[in-house]
Amino acid sequence: MSQRLSAAEATRLWESESLFTLGAMAHARRMELHPAPVVTYIVDRNVNYTNVCVSGCKFCAFFRPPGDPEGYVLTREELAAKVSETVDLGGYQILLQGGMHPDLKLAWFEDLFAFLKARFPTVAIHGLSPTEIDFLARDGGLPVAEVVRRLREAGLDSIPGGGAEVLVDAVRREVSPNKCGADAWLAVMAEAHAQGMKTTATMMFGQGETLAQRIEHLERVRALQDETGGFTAFIPWTFQPENTRLPRPEAASSEYLKFLALARLYLDNVPNLQASWVTQGPLVGQLALFFGANDFGSTMIEENVVKATGVSFRLPEPELRRLVERAGFTPRRRAMDYTLLPDPAAGGPGEA
């Protein structure tokens, strides 16, 4: 594709092209960006340090309000046990997220990151969404830049794109009115990029937003990437409605694949697109490799947030690799920044 898609052109493609035509266009673009028949993945674990959150998002089945008897905060010993098991299973990163817990201040996270880095110096901490960082800044009366700096100095390696949902305030006011707005989410990411950190961008669609609002989300990600170049990947997935307070039907797998393809075409400056087998299941995840995705995400040794909606897919590393191979690609371990790592089967060196 020689010219950058506009919002109007993206709308036309969505409305006029079939699922398979759009998929073929996205796959061709994926192969232009990544000509080698390689699909990357990471071996990590989602660790939710707490489920207590004051945001009360309508789409979240995981959170518990402060004071709820089912609320928890993991102890250091519990966290260390989870990380130790991850290392034993070949993992080298943890995705550490929780909620907006009013009693957990910035110093608590600084101490936690320093503890984890001292105990597990080779394990990368990919943690705290922009919404959590914005909450820490507002709660402590601190600039976002200082919060990011202190977390980074304590041991935070990179920031996941959680809390983006749809980066349109009209949508956010409806489904997550207590969470930071789109500008604040983007501001945290811009600051992280300015301080040399890499992050991912995400999107959860199917909350009742319009096509125009979905495309606006893509535009905002693309615009920030033009400025900073700090996003390593884009990861879209569909809203899972069970056990939530948002009565919406789940988007069909065909809609997921079609939007994934549109995202690959629109986000011409984001190098990697990740398949969401966690919400779609392994086989649709495998299909996503022909709709623009070049990354199969995480082995996800543990996952709790999507599981709270009643959707629970597990994919041990050997099975993940088999799915990639059966699709005709070579599976390769990667780091968060998409540096290739040694192949566990061959033991050979990674390639830049």
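This is a predicted model: local features need pLDDT of at least 70, side-chain atom pairs count only at pLDDT 80 or more; totals for chains, interfaces and linings use all residues.
Trainee: How many bridges join β1 to β10?

Mentor: There are 4 bridges between strand β1, residues 38-42, and β10, and the two strands run parallel. One example to look up is Val 38, whose bridge partner in β10 is Thr 330.

Trainee: Changing topic, which residues have the most contacts inside the largest nonpolar core?

Mentor: They are Leu 96, Phe 113, Leu 116, Leu 151, Phe 234 and Phe 296, in a core that has 97 residues. The largest share of this core, 9 residues, comes from helix α10, which spans residues 253-266. As general background, nonpolar side chains in soluble globular proteins tend to be buried together.

Trainee: What does Leu 151 touch?

Mentor: If you leave out residues up to four places away in sequence, Leu 151 touches Leu 106, Phe 109, Phe 113, Leu 128, Ile 133 and Leu 156.

Trainee: Now Thr 238, is that one buried or exposed?

Mentor: Thr 238 is buried, because its relative accessible area is 0%, which is below the 20% limit used for that word. Thr 238 lies in strand β7, residues 231-238.

Trainee: Which side chain does the Thr 238 side chain make a polar contact with?

Mentor: The partner is the side chain of Gln 280, at 2.8 Å. Leaving aside neighbours within four places in sequence, Thr 238 is also in contact with other residues, including Met 204, Phe 205, Glu 250, Ala 251, Tyr 256 and Thr 279.

Trainee: Last topic, how many disulfides does a search of the whole structure find?

Mentor: The search finds 0 disulfides. A disulfide, in general terms, is a covalent bond between the sulfur atoms of two cysteines.

Trainee: What about Cys 53 and Cys 180, buried or exposed?

Mentor: Cys 53 is buried, with a relative accessible area of 11%, and Cys 180 is buried as well, with a value of 6%.

Terms used:
Residues are numbered from 1 along each chain as its sequence is written. Side-chain values use heavy atoms; hydrogens and water are left out. A disulfide is a pair of cysteine sulfur atoms within 2.5 Å. Buried means under 20% relative accessible area, exposed over 50%, partly exposed in between (1.4 Å probe, protein chains only). Two strands pair if DSSP finds at least two bridges between them. A polar contact is a pair of N or O atoms within 3.5 Å; within protein, one must be able to donate a hydrogen and the other to accept it, and residues adjacent in sequence count only if both atoms are side-chain atoms. Contact means heavy atoms within 4.5 Å. A nonpolar core is a set of buried Ala, Val, Leu, Ile, Met, Phe, Trp, Tyr and Cys residues joined through side-chain atoms within 4.5 Å.
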